[in-house]
Amino acid sequence: MARSKWRVEARRRRGRRVAEITGDGRYALLAPCPPLTVTLWRAREEAAEAKQRLDQAGCGGQCNPRLHHIVDLTEASQLFLLPQR
Ligand SMILES: [Zn+2]
């Protein structure tokens, strides 16, 4: 699969601790519970559903569902907001 601009954008904005970027689309679902994972979705609804599943099931490791959030990659002002420790 060719590298899409969304994956490039997600990678550009990633924090150093991003372990994995999967999927494709302008909406990025972030699970900053270590290790940070990012999944990309084409529609906000898809991202929201994925977040719901992730919130319920947990993303593994030390999961805190409150940390899960969705970022619209078209909004230039929104960077990946990693929890500051
Ligand atoms: Zn989590």
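In this predicted model, tyrosine 27 touches Leu40, Trp41, Arg44, Ala47, Ile70 and Asp72, leaving aside residues up to four places away in sequence. Tyr27 also belongs to the largest nonpolar core, a set of 17 residues. Together with Ala10, Ala28, Leu29, Leu30, Ala31 and Leu40, Tyr27 is among the residues that touch the most other members of this core. Two or more core residues come from each of helix 1 (5–13), strand 2 (27–31), strand 3 (36–41) and helix 2 (44–57). Strand 2 makes the largest contribution, with five residues.

Two helices and four strands make up the chain, arranged along the sequence as α-β-β-β-α-β. Of its 85 residues, 26% count as buried. Among contacts between residues at least 6 apart in sequence, 41% join residues at least 24 apart.

Ala47, Lys51 and Leu54 are the buried residues of helix 2. Viewed down the helix axis, these residues fall within an arc of 65° and therefore line one face. An α-helix has 3.6 residues a turn, so residues three or four places apart point the same way. The buried residues of helix 2 pack against strand 2, strand 3 and strand 4 (69–72), whereas Glu45, Gln52, Arg53, Gln56 and Ala57 are exposed on the other side of the helix. Glycine 58 follows helix 2 and has a positive phi, near 80°.

Terms used. Residues numbered from 1 in each chain as written. Predicted model: local features only at pLDDT ≥ 70, side-chain atom pairs only at ≥ 80, totals over all residues. Buried ≥ 20, exposed ≤ 12 C-beta atoms within 10 Å, placed from the backbone. Contact = placed C-beta atoms within 7 Å. Core = buried A, V, L, I, M, F, W, Y, C linked by C-beta atoms within 7 Å. Arc of directions from axis to C-beta.
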